[in-house]
Amino acid sequence: MGEALLDLGGGFWNIRGDFRVAGVVNVGTHASLVRLASGRFVFLDSYGLKGSLRDRVMALTEGGSAVEAILNLHPFHTLHCEAMHRDFPHAALYGSARHRQRLPDLPWAEAAVESATLAARYGEDLAFSLPAGIDYISADDRVHAGSLLAWHQASGTLHVDDTLNLMPVPRLLRGVLPPPRLFLHPTLPQALAPGPGAVRDFRAWVKGLAAQCADLRHLVVAHSGHRSFAPGDFSKALLAALRRISPRLERAEARRSTPAA
Ligand SMILES: [Fe+2]
């Protein structure tokens with residue numbers, strides 16, 4: 001994997017970062033830099049920038065002074081928030097209730113990242129989407145399926161942390177194998193929201209996302225990289241991924257509604 005800055009056009013850059021589990025296996029992580037219609041910038045998620053990657057981001061953003069906000073979208077991705085705030089101390093800092101709870105010394109803005117306030121503030125440039133039918137912040141911290149997605153119409157890019165994933169393809173085989181397959185997070189069944197109708201609500205949300213992103217050109221995901229799509233292909237791949245995981249979701253919901261003997 002390794003660090004990289006992908007220029008996806010239309011004022012959208014995806015930062016590919018390193019994330020080593022137990023200090024060994026690099027599963028990668030990401031953040032994105034978005035140029036707003038106003039000419040100012042926001043980050044989607046945080047990453048501790050260094051070396052040439054940091055130099056390039058600083059050059060794009062007038063030494064960081066043009067960055068107005070950092071939007072931390074995934075409640076369980078908290079590792080780089082402090083470093084990013086240190087690098088961009090004047091940018092407003094947004095996160096979920098879990099960010100605030102884990103890092104209480106950072107100057108979090110009052111509005112939560114998933115709030116209607118923030119959606120309205122950045123609605124001209126970004127459309128946020130919170131999956132229905134699953135928990136955004138699971139009580140089980142191993143369940144990372146929930147995350148706030150961000151759709152950037154100007155570049156046709158969808159920024160996703162963990163809800164959607166791409167099957168990793170070894171670098172050497174990339175020219176030979178088909179593009180990496182899209183799949184929904186394996187912990188989705190454990191993330192189902194309480195109460196009836198969770199699977200129905202989740203399905204409706206996926207279908208809505210497929211319609212909203214029908215002309216998607218780029219998908220960027222936290223731990224498995226980037227994939228380009230021809231218009232229409234992302235929606236088909238997303239609905240196919242939904243069909244593949246649906247039996248597991250239905251079984252999980254059925255188990256839950258069967259009273260214990
Ligand atoms: Fe993650």
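Strands β14 and β15 pair in the antiparallel sense, with 4 bridges between them. They belong to an open sheet of 5 strands with mixed pairing. Keep in mind as you look around that this is a predicted model.

- The edges are β9 (127–129) and β15 (225–228), each of which pairs on one side only.
- From one strand to the next, the twist averages 15°.

**Walking across the sheet, strand by strand**

- Start at β9, which pairs with β10 (residues 149–152) in the antiparallel sense over 3 bridges. Here you can find Phe128 opposite Ala150 of β10.
- Next, β10 and β11 run antiparallel and are joined by 3 bridges. Ala150 has His159 in β11 as its bridge partner.
- β10 and β11 also form a hairpin, with 4 residues between the two strands. In the turn sits Gly156, which has a positive phi of about 65°.
- Then comes a parallel pair: β11 (residues 157–160) is joined to β14 by 4 bridges. Look for Thr157 standing opposite His218 in β14.
- The walk ends with β14 and β15, which form a hairpin with 3 residues between them. Val220 has His226 in β15 as its bridge partner.

**Two faces of a strand**

- In a regular strand, side chains alternate between the two faces of the sheet.
- You can see two sides in β11: Thr157 and His159 are on one side, Leu158 and Val160 are on the other, and all are buried.
- Strand β14 (residues 218–221) has His218 and Val220 pointing one way and Leu219 and Val221 pointing the other way, and all of them are buried.

- In soluble globular proteins, nonpolar side chains tend to be buried together.
- Leave out residues up to four places away in sequence, and Val42 touches Val34, Leu36, Val67, Glu68, Ala69, Leu71 and Tyr122.

**A pair of packed helices**

- Two packed helices are described by the angle between their axes and the distance between the axes.
- On the α6 side, the meeting residues are Ala198, Val199, Phe202, Arg203, Val206, Leu209 and Ala210. On the α7 side they are Ser235, Leu238, Leu239, Leu242, Leu249, Glu250 and Glu253.
- Sorted by class, this contact of α6 with α7 has 10 nonpolar, 1 polar and 3 charged residues.

**A stop at Arg56**

- Arg56 is found in helix α1 (residues 51–60).
- Arg56 and Leu5 are 51 residues apart along the chain, with 8.3 Å separating their C-alpha atoms.

Conventions: Residues are numbered from 1 along each chain as its sequence is written. This is a predicted model: local features need pLDDT of at least 70, side-chain atom pairs count only at pLDDT 80 or more; totals for chains, interfaces and linings use all residues. Two residues are in contact if their C-beta atoms, placed from the backbone, lie within 7 Å. Ala, Val, Leu, Ile, Met, Phe, Trp, Tyr, Cys and Pro count as nonpolar, Asp, Glu, Lys and Arg as charged, and the others, Gly among them, as polar. Two strands pair if DSSP finds at least two bridges between them. Axes are lines fitted to C-alpha atoms, for helices over the stretch in contact, and angles run from 0 to 180 degrees between N-to-C directions. A residue is buried if 20 or more other C-beta atoms lie within 10 Å of its own, exposed if 12 or fewer, and partly exposed in between; C-beta atoms are placed from the backbone.
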